[in-house]
Amino acid sequence: MADLKNKRIITVATTGAWPKKENNPNVPLTPAEIAEEVYACWKAGAAVAHIHVRDKNGNAAMDYEAFVETVRLIRAKTDCDIILNLTTSGGVNLREEDRLKPFSELRPEMASFDCGTMNWQHTTIFENNPPFLEKLGTLMQEKGVKPEIEVFDAGMLYNAAYYIKKGVLKAPCHFQFCMGVAGGIAASTKNLVFMKDVLDEVAPGSTWSAFGVGKGAMEITYAAIAMGGNIRVGMEDNVMYRKGELAESNAQFVARAKRIVEEFTCEVATPAEAREILGLA
Ligand code: ZN
């Protein structure tokens, strides 16, 4: 096994549930657009692609056929070995069965596990109630899909500790610190250090990644790399490349992340190396 301590995994989240063409005309929404973007991001250095799909009008959806087509188009690029991570939260007020079906049927290597309910952006409830999370974690184990445990505040880390103890989540786990979403913890270095301290306390031996939404985005990228973590970038989290400048593409974010990792004298993990780090191999 290669020395993986110096490797950093770049995850790209190309689409998410909210940005539309009017927010940034470059956000990929159709299966064909998403597949092309994922391929470009893989070439630029991403090892994991976190996938959302939209309905025919570009709205947030857990549209099973769109997942099928998106995964098919990515897998048709046979040189591309990027790890697929399908969302289980493609919006709010979704039916549970629609959230569970894509990963159950398509068996990606990873899928998201949002470890608690929150007030989302002061507008609505992002619901992940306890019975649903138990069902989700259990089904992911049955299907051999590794959860990416998304945590929006420290309380969700304690939820994860409970589910690990209960066997709903199986250690070693992989966490994504989602920071800067209104209703969750703000995106700052101080908060990232705190989240990492809690993680070390409640789920030692876990792997982790982080991103910041909005003005804290770059700070979290730099801090996570310095702290030994992995990073996520992409238009799900930020449609601006920097203040006042729309992103040209998701690959533009990945290329910058790779430059930062390398300037820090670390290396970007290939998908094969990421599989070893995440225990997928
Ligand atoms: Zn997502």
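Two strands count as paired here if DSSP finds at least two bridges between them. Helices (H or I, at least four residues) and strands (E, at least two) are DSSP runs, numbered from the N terminus. This is a predicted model, so local features need pLDDT of at least 70 and side-chain atom pairs count only at pLDDT 80 or more, while totals for chains, interfaces and linings use all residues. Residues are numbered from 1 along each chain as its sequence is written, and side-chain values use heavy atoms, with hydrogens and water left out.

Let's start at strand β3. On one flank, β2 (residues 10–13) runs parallel to β3, the two being joined by three bridges, and A13 stands opposite H50. To get from β2 to β3 the chain passes through helix α1 (residues 31–44), making a right-handed β-α-β crossover; right-handed means that, with the strands pointing away from the viewer, the path from the first strand over the helix to the second runs clockwise. β3 also pairs in the parallel sense with β6 (residues 83–86), this time over four bridges, and there H50 has N85 as its bridge partner. As for the side chains of β3, V48 and H50 point one way and A49 and I51 the other, yet all are buried. Buried is under 20% relative accessible area, exposed is over 50%, and partly exposed is in between (1.4 Å probe, protein chains only).

H50 brings us to the metal. The zinc ion has H50 (NE2), H52 (NE2) and E236 (OE) as its protein donors, lying 2.1 Å from it. Donors are N, O and S atoms within 2.8 Å of the metal (3.2 Å for Na, K and Ca), and with water not among the atoms, sites may look incomplete. Along the sequence the spacing reads H-x1-H-x183-E. H52 sits in the loop between β3 (48–51) and β4 (53–54), and E236 in the loop between β13 (230–233) and β14 (240–242), so the pair links parts of the chain 184 residues apart. Both H52 and E236 are buried.

Now for the rings. The whole structure holds eight aromatic pairs. Rings of Phe, Tyr and Trp (its six-membered ring) pair if their centres lie within 6.5 Å; planes under 30 degrees apart are stacked, over 60 edge-to-face, and the rest tilted. W120 is partly exposed at 25% relative accessible area, whereas F152 is buried at 5%. F152 also pairs with F126: the centres are 6.1 Å apart and the planes at 85°, so this pair is edge-to-face too. F126 is buried as well. Elsewhere, ring pairs join F113, Y162 and Y163 into a cluster.

Two lysines sit over tyrosine rings, K77 over Y39 at 4.9 Å from the ring centre and K101 over Y64 at 4.2 Å. The test is NZ of Lys or CZ of Arg within 6 Å of the ring centre and within 35 degrees of the ring normal.

Last stop, helix α7 (residues 217–226). Its buried residues include A217, I220, A224 and I225. Among the elements covering them are β1 (7–8), β11 (174–179) and α8 (250–263), where contact means heavy atoms within 4.5 Å. After α7 comes G228, with a positive phi near 90°.
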